[in-house]
Amino acid sequence: MSKQNKIRNDWSFEEVSNIYNMDILSLTYEAAHIHRKWHNPAAVQVCTLLSIKTGGCPEDCAYCGQAARYHTDIKVKPLMDIDEVIACAKRAKEAGSTRFCMAAAWREVRDNRDFDRVLKMVKEVNALGLEVCCTLGMLTSDQAKRLQEAGLFAYNHNLDSSSDYYQEIISTRDFDDRLDTLECVRRAGISICCGGIIGLGESDEDRIAMLHQLATMPNHPESVPINALARVKGTPLANLPKVHVWEMIRMIATARILMPKAMVRLSAGRSEMSTIEQAWCFLIGANSIFTSESEELLVTPNPKLAEDNAMFKLLGLHALPLKDN
Ligand code: SAM
Ligand code: DTB
Ligand code: SF4
């Protein structure tokens, strides 16, 4: 059993690989042990996700149902009104969420009236006492600063995959663009939410490389979402095989061991997982889920609120309460 009592940023590729490749029961035991040392294992943060601008995105991310160039069944929706968003955030808070994440299908933020509207949304959601998170694509340092001043708590911008595999999945931007945005976010003093997706056809080495990159950042991301590919009809990856739950478990457990303090979020993929499978994820270190009123994450299915509440009750979990500030 590792005696990990401190945060490390100097993991070698080989160390990460050795953890990732442990036999599943030893990995489970080790990750569960570390999880219990750093977190209350009964507390799971509930984050509400809202797609504030849906579809019509100019990027070509091969996994994404919102890319304009693929023929998906998704309806394009313009940027939502502030009032609607705030009403949704209030309901989310009442339902036990402590984090509200607004996602826009944009390649990058532009300095226009839409951004001004998003800044107002951030301000108002922050005033509700929720952790407010956005994922809006690429940012400049000035835009990151304006978001921070409006009260943004966290910004989600995933590595998605290894730097090598990234170019197989996206051609309209490169991996370094992702890193540049993350740097702007960090410098603006915003908390970082950064993880990735598995099931894109990548190898185990790609997964290990992505985890290695996250775990060797000078400061670990405070939040690490692990997504299983949600296969969207019409996208180039629609016919790939379903991600097996053991693969999610391996990713989550390794992330938990490498980045003990981070919130590890069991993100896309839950609707295809049983309660027992999700329970295993909570056991080995996942301590957050995404919910949404629409029963869709952004454009793919997600469990119903009532199902999640029943699962929490059955597993003896509770929603992580708001921190007293
Ligand atoms: N447009 C912004 C961007 O790409 O950064 C924000 C929204 S995007 C939906 C946020 C993240 O969701 C992506 O980086 C990706 O990791 C994840 N994601 C998108 N589509 C997915 C899918 N079909 N299955 C699993 N994860 C997905
Ligand atoms: C993240 O890593 N996962 C969430 C959140 N960040 C924005 C979104 C997942 C999207 C899943 C597919 C969809 O519904 O479009
Ligand atoms: Fe656009 Fe984001 Fe989807 Fe890529 S993942 S196509 S940037 S919405």
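Mentor: Sorted by class, the lining of the largest cavity has 25 nonpolar, 11 polar and five charged residues. Here Ala, Val, Leu, Ile, Met, Phe, Trp, Tyr, Cys and Pro count as nonpolar, Asp, Glu, Lys and Arg as charged, and the others, Gly among them, as polar. Keep in mind that this is a predicted model, where local features need pLDDT of at least 70, side-chain atom pairs count only at pLDDT 80 or more, and totals for chains, interfaces and linings use all residues. Residues are numbered from 1 along each chain as its sequence is written, chains are lettered from A and ligands numbered from 1 in the order in which they are written, and side-chain values use heavy atoms, with hydrogens and water left out.

How is such a space found? Rolling a probe the size of a water molecule over the atoms shows where empty space is left. On a 1 Å grid over the protein atoms alone, a cavity is a set of points where a 1.4 Å probe fits but cannot get out, and lining residues have an atom within 4 Å of a point. A search of the whole structure finds one cavity of 30 Å³ or more, and the volume of the largest cavity is about 860 Å³; a volume is the space filled by probe spheres set on the points, which are joined across faces, edges and corners. Its lining holds 41 residues, with Tyr63, Cys64, Gln66, Asn158 and Leu298 the closest to the centre. Strand 1, strand 2 (99-104), strand 3 (131-135) and strand 7 (223-228) are the elements that give two or more residues to this lining; strands are DSSP runs (E, at least two residues), numbered from the N terminus.

A polar side-chain atom of Asp160 is 2.6 Å from an oxygen atom of ligand 1, while a polar backbone atom of Tyr63 lies 3.0 Å from a nitrogen atom of ligand 1.

Tyr63 also belongs to the surroundings of ligand 3, as do Cys57, Cys61 and Cys64, among others.

Note on methods. A polar contact is a pair of N or O atoms within 3.5 Å; within protein, one must be able to donate a hydrogen and the other to accept it, and residues adjacent in sequence count only if both atoms are side-chain atoms. A residue is near a molecule or strand if one of its heavy atoms lies within 4 Å of it. On a 1 Å grid over the protein atoms alone, a cavity is a set of points where a 1.4 Å probe fits but cannot get out, and a pocket is an open set with protein on both sides within 12 Å along at least five of seven lines; lining residues have an atom within 4 Å of a point. Helices (H or I, at least four residues) and strands (E, at least two) are DSSP runs, numbered from the N terminus.
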